Amino acid sequence: MSFEMWAEKYRPKSLAQMVDQKQIVERLASFAKSRNIPHCIFAGPPGTGKTTAALCLARDLYGDVFREHLMELNASDERGINVVRETVKTFARVRTLGEIPFKILILDEADNMTRDAQQALRRTMERYTRTCRFILIANYSGKIIEPIQSRCAPFRFSYLPRQEQDLYLKRVASGENITLQEDGLNAIFDVCEGDLRKAINSLQAAASLGKPVDSEIVYSVVGRANPADVHSLIKTAMEGNFVEARKKLREMIIKYGVAGSDIIKQIHTELFRIDIPENMKTKLAIVVGEVDFRLGEGADEEVQLSALLANLVEAGYQLKGG
Amino acid sequence: MHFAWTVKHKPKSLAEIIGNQEAIKTLERWLRSWEGGIPQQRAVFLHGPPGVGKTSAIEVLANDLGMELVEKNASDYRTEEKIRRFAGSASQYGGFSGRKRVILLDEMDGIHGTVDRGAIPTITKIIKNTRCPIVLIANDFWNKKFVSFRDKKRYLVIEFKKPRTSELLSHLKRIVARESVDADEESLKFIVQRSEGDVRSAVNDLQALAQGKMKLTYDDVSWLAYRDRKDVIFTVLRQVLYGKTCREAKQAANNADVNLDMLFEWIYENAPYHFNVPSELVDAMEALAIANLYSGRIRRTRNWKLLRYMFDHMTAGVAMTREKSKPSGWIPFRFPQKIRSLSTSRAERAKKRGIGQKIKRRMHVSVATAQKDVLPYVKVIFENDSQMAAGLTEWFSFGEEEVEYIAGGKRRTKAILKLITK
C-alpha cells in the first residue's frame, strides 16, 4: 500500500486514461489534438471527473510543463469580486511563451461566485480571450449567469455507471494489494452512487482497518466518515431520544459545517427508504417540506430541524402503539 | 477585607500600564516641559474609551515626577462657581508640601452642554491663567460641548486607544499569578474578548470569577455573560415552561429584564426536558420554530412590530402546549448548549480550516469540500492505520497539532509521529 490519498494517486493523467464520460472525453481529446479550446463549462455532480478532465486536457495540451500555463482557482475559497479583478485579470492578460498562444484558467466551484463577480468575470473572459481560456467547473450550470453560459461550450458530466465505478475500484484495489469483496463493492456503490472521489476515499478508509473490505466494513467506515449521517439521526429520534438527536444535529451543523438544506434533502430521501408505514412517510414529508421552505426563508437551521425531529419522536412513539 | 482588584492591581509604575506607550510618552514630555516655565499649551486633554488607562497614566506619571495630584471629577463640580472655587485657587498656588501640583478634571463627559452652561467657559478661562498643569479627561473628545478644546495652540490633545488583546491577556495573566489562581488560557481569553478592550471591566470580571478559587476553567467563565442574570432566567423559565395561562407565561418573561434572543435560547435548550409526552413535545418545538420564524422576518424586514408574535410563541405558545406532561423529579435547568458550542468550537474550526487548506493544496478541492468530503475519511485512516497515517502526514505535510486533531488522541499521535521519524 502506498501512503498518499489514492484518489490523487489514481487520478488519470491524460484524457486517454479516463474511463468514464466517454463522449465528453472524445470531444476534449479532439480539442487537444487541434491545439485549440473554447471557453468551457463543466457541469455535473461531485466526483464525476470534472476537475480531472480539465487537468488532463491541460496536460495533453502542454505536456509535462502544463503547470506553467495553468492556474487553478476555487471560487468557494475566493469568491469575491476582487479576486476576479486582480488575480484572474493579472493571470489572463499576460501572454504565454510557447507554441500554444493561450493559457488555461480553471475556475472550480464557479457556481459559488457572486453575481457581481460573475459579471466582472464575463468582461475579463471577453477581453483576454486571445491569451487565456477559461474552464468553469460547477455542480449546477444554472447558477452561472446567462452571458457567461453563452460564451462557453457546455459539457454535462453525469454519475458514473455501476460498471465503470467497479472497474475503477478494482484497479485501485489490485494496485494497492488489498482484498475487495463483491459485497464491499455493492456497499460502496450503494452509499456513493457514482461519486468516484467518495468511493475511492471510502475504499481507502475501509482498507485502513487492515481487513478484507466487505460490506460491513464499508458501512461502518462511511457511517463514521459521514457527518451528515441522517440515518442514525432519524433512528435516534424515532427511538424517542429527542435530546440525543438534537445533539447529533447540532454537531452536524456546528462541528462539521453541514448545511441545513443538505440535511433536509437527505432526510427527505431517507424518509422514503426506511421501514415505516407508507402513510406515515407522506405525513412526515409534509413537515419536511414545510421545514425546507422555512429554511429558504432564512430561519434558523437547528431550531427548524429540531421541530422536525420532534415529529419523528412522535412518529416513533405511534409506531410503538402509543 | 477584599479589595477591588482594579485598585489592588492598579499600575504602580509606567512599565505596568498596558498599551498606549506613545500617548504616555507624549504626556510625560508635556509634564516635564513645565519644569522650564509655563508652556503655551497649559492643559492636556486625554480622551479614549473607558477603562483603557487614562486616569492611571496621569496618576503614575505624577507620582514618578514627584508631583501632587489634585484630583476631582468634573461631574461633581458642574457649576461655574464650584469649579472656580476648586480649580481656580488650586491653579494659582503651589502645593502645601511645596511640591509641584497637577490638577486633574476627570470624567468631563458628565458636564452637561446646556444645563451646566458656563462650566466649560470657566474651565477654559482657568486654563488661560493657570500656573500649573491641568489635565482634562473624557471619553468623547469630539462631542460638541468640547469644541473649544480643539484649539491646538492652547490644548494638547492625546488619544488613548484600546490595548491589544495580547497585552490585555498578559495583564490578566500577571494578576492571576499574583493571586495564585491557576487559570487556563481559554478562560482568560474569553474574559478578554468580552471586555472589548476595557481593562477595568476585564479585571472586575476576572475578580468576580476567580477570587477565592484555586483553578479557573472555561466552564467557570462561560457563565459570565449571564452573571447576575441566572436567578432571573431560572424564574422566567419555570413560569414559561409550567405557566397555566398565557398571561402568566408572558408576564414572567415581560417582567424579567433579559435579552429576548438569549431567553429564546434558554427556553429552546430546556423545553425538551420538560415535555415528556411526544405530541406535546411536537407542539412545544413547533411554537419555538414559529417564534424563530418571526425572529428571522424581523431581522429581514426590520419590522419590529412583529416582535410581539415572536414573544407570544416562545412564551405562551410553549406554556399552552402542556396537557398531560408531568416530568417527575427535579430537572436542572441547562445552560444553552448552542451558545457554548459556538464559542468552544471556534479554535477547533480554525484548526480544521488549516487542515482543509493543506488538503486543498494536494487534492484540487475547495477548503470547504476538503473539510466535508475528504477530512472525515482521513480521520478514519488516522484512527486505524498508523503506518498509512504517518505516510499521509508527510504527504499532506500536517503539523503535530493537526495530527493530534485528526487522530483524536495523544497516544495515537505519538505512535504516528514515531513512524515518521524512522
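This report walks through a predicted model with chains A and B, from its confidence scores to a few individual residues.

## Ground rules and confidence

Residues are numbered from 1 along each chain as its sequence is written, while chains are lettered from A and ligands numbered from 1 in the order in which they are written. Because the model is predicted, local features need pLDDT of at least 70 and side-chain atom pairs count only at pLDDT 80 or more, whereas totals for chains, interfaces and linings use all residues.

The model scores ipTM 0.80 and pTM 0.56. For chain B, the mean pLDDT (the predictor's confidence in each residue, from 0 to 100) is 83, and 86% of the residues reach 70 or more.

## Where the chains meet

Let's start at the interface. Here 51 residues of chain A are in contact with 41 residues of chain B; a contact means that the C-beta atoms, placed from the backbone, lie within 7 Å. On the chain A side, at least two residues each come from H1 (6-9), S2 (70-74), H9 (196-207), H10 (215-225), H12 (242-255) and H15 (301-319). These labels are DSSP runs numbered from the N terminus: helices are H or I with at least four residues, and strands are E with at least two.

H15(A) gives the largest share of that side, 10 residues. By class, the side of chain A that touches chain B holds 19 nonpolar, 15 polar and 17 charged residues. Nonpolar here covers Ala, Val, Leu, Ile, Met, Phe, Trp, Tyr, Cys and Pro, charged covers Asp, Glu, Lys and Arg, and polar covers the others, Gly among them.

Chain B has 19 helices and seven strands. Of its 422 residues, 40% are buried, with burial judged by the other C-beta atoms within 10 Å of a residue's own, all placed from the backbone: 20 or more is buried, 12 or fewer is exposed, and in between is partly exposed. Among the contacts in chain B with a separation of 6 or more, 74% join residues 24 or more positions apart.

A nonpolar core is a set of buried Ala, Val, Leu, Ile, Met, Phe, Trp, Tyr and Cys residues joined through C-beta atoms within 7 Å. The largest one has 58 residues, and those with the most contacts inside it include A:Ala237, A:Leu309, B:Val240 and B:Val318. Helix H13 (residues 278-301) of chain B gives the most to this core, 11 residues. Leaving aside residues up to four places away in sequence, B:Val318 touches B:Val240, B:Leu241, B:Ile267, B:Ala271, B:Ala284, B:Ala287 and B:Leu288. A second, separate core of 56 residues includes B:Val44, B:Ala119, B:Ile175 and B:Ala183.

Helix H5 of chain A (residues 115-127) has 13 residues and reaches 19 Å from its first C-alpha to its last, close to the expected 18 Å, which is 1.5 Å times one less than the number of residues. Its buried residues are A:Ala117, A:Gln118, A:Ala120, A:Leu121, A:Thr124 and A:Met125.

## Loop residues worth a look

Most residues other than glycine have a negative phi. A:Glu193, in the loop between H8 (182-192) and H9 of chain A, has a positive phi of about 50 degrees. B:Glu107 has a positive phi near 50 degrees and sits in the loop between S3 (101-106) and H5 (119-129) of chain B.

Terms used
Two residues are in contact if their C-beta atoms, placed from the backbone, lie within 7 Å.
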